Amino acid sequence: GFSEYIRSTPKEEQAQVLLDLHSQLSDCYTEIKKLNASANFKAFTDNIVLAYPRYEDGEGQLGNIITSISEFQLNMTLNGYFVRGGTSLGDYYGDDTFAFGPALLEAHDLESIYAIHPRIAISNTVAALMGVYIKQFYGGSHAPQSEQLLLDLEDNIYFINYLYYIEDLFYDGLPVAKYLDMVMTHKEKIEAALEKYSDDPKIESKYSWVAKYHNHYCDVYLPSKKKVQDLNIGNYKISSLSSGNFISLYSALRTGLMK
């Protein structure tokens, strides 16, 4: 959506947009580098590549990637920048000036062909590997990976459940008021995008998808918060749209949708 965002921004405002985007991306890139000191990281304009060599079963490296991408996507979205991407597993080579390999090509295809909406699409190979980790974790229900991926039952695409990162923050001590503020900000950014592109059905449909994802998150996670049980969840949902048809990776394993 960045290209469309630039095209729809008046020329006299584009410099300010660039300054704002540069600030947001710089902060996010600094955090990614801090969390992934042993990874290969590249950034060019609004594109990033984050790659890890796989050690043993790869659980630690894949966990870092999923967490880092979740934080990145959440922060960018809360600032009004909706992102799309792909995560793959395979051969890759990267150094200070070079990026090459079938894993990079697959990630690019996931982003450009399959993601479609503002989501980070996950290859079936990565999803299956995450499933292995879940099965190995005492039955899986409390595995750290159980909620990190969602399956979109409309097109059978796995994607990163980036809003789940708010859950991690909440259970790490994020104040309830701040938690709810993040959910509300996410709602407001989506509503602003829906209004902005209401005359362009092709682009509006992408934000409608995010709205359904947001509503799904509210339905699944807000009722479970003991400190917010008296909350009117409807106030935090986007009323003009329904919830999406998503299930967690753990649920997909349990119901046999993933073998």
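Buried means under 20% relative accessible area, exposed means over 50%, and partly exposed lies in between, with a 1.4 Å probe and protein chains only. This is a predicted model, where local features need pLDDT of at least 70, side-chain atom pairs count only at pLDDT 80 or more, and totals for chains, interfaces and linings use all residues. Residues are numbered from 1 along each chain as its sequence is written, and side-chain values use heavy atoms, leaving out hydrogens and water.

**View 1. S26 in helix α2.** S26 lies in helix α2 (residues 11-35). Helices (H or I, at least four residues) and strands (E, at least two) are DSSP runs, numbered from the N terminus. S26 has 28% relative accessibility, so S26 counts as partly exposed. A43 is 17 residues from S26 along the chain, and their C-alpha atoms are separated by 9.9 Å.

**View 2. The five-stranded open sheet.** The strand order is β3-β6-β8-β7-β9, with mixed pairing. Two strands pair if DSSP finds at least two bridges between them. β3 (85-87) and β9 (246-248) are the edge strands, each with a single partner, so one side of each has no neighbour in the sheet. On average, neighbouring strands are turned by 35° against each other, direction ignored. Three bridges hold β7 (residues 149-152) and β9 in antiparallel pairing. D152 has F246 of β9 as its bridge partner.

**View 3. Strand β8 and its partners.** β8 pairs with β6 over two bridges, in the antiparallel sense. β8 also pairs with β7 in the antiparallel sense, over four bridges. F159 of β8 stands opposite A121. L150 also stands opposite F159. In a regular strand, side chains alternate between the two faces of the sheet. Which residues of β8 are buried on one side and on the other? I157 and F159 are buried on one side, Y158 and I160 on the other. Four residues lie between the strands in the hairpin of β7 and β8, where N156 takes a positive phi near 60°.

View 4. T87 lies in strand β3. With 7% relative accessibility, T87 counts as buried. Beyond residues up to four places away in sequence, T87 touches I65, I69, L110, I120, A121, I122, S123, V126 and I160. Contact means heavy atoms within 4.5 Å. Helix α4 (residues 102-115) lies across β3, β6 (120-122) and β8 (157-160), at about 130° to β3. Helix α5 (residues 124-136) lies across β3, β6, β7 and β8, at about 75° to β6. Axes are lines fitted to C-alpha atoms, for helices over the stretch in contact, and angles run from 0 to 180 degrees between N-to-C directions.

**View 5. Helix α3 against helix α7.** The axes of α3 and α7 (residues 176-196) come within 9 Å and cross at roughly 65°. L74, T77 and L78 of α3 meet M182, T185, H186 and K189 of α7.

View 6. A cavity is a set of points on a 1 Å grid over the protein atoms alone where a 1.4 Å probe fits but cannot get out; lining residues have an atom within 4 Å of a point. Grid points are joined across faces, edges and corners, and a volume is the space filled by probe spheres set on the points. One cavity of 30 Å³ or more is counted. The largest cavity has a volume of about 60 Å³. Its lining is I66, T67, S70, Q148, N161, Y164, Y165 and D168. α3 (59-78) and α6 (164-171) each supply at least two lining residues.

Terms used:
1 Å grid on protein atoms, 1.4 Å probe; cavity = no way out; pocket = protein on both sides within 12 Å on 5 of 7 lines; lining within 4 Å.
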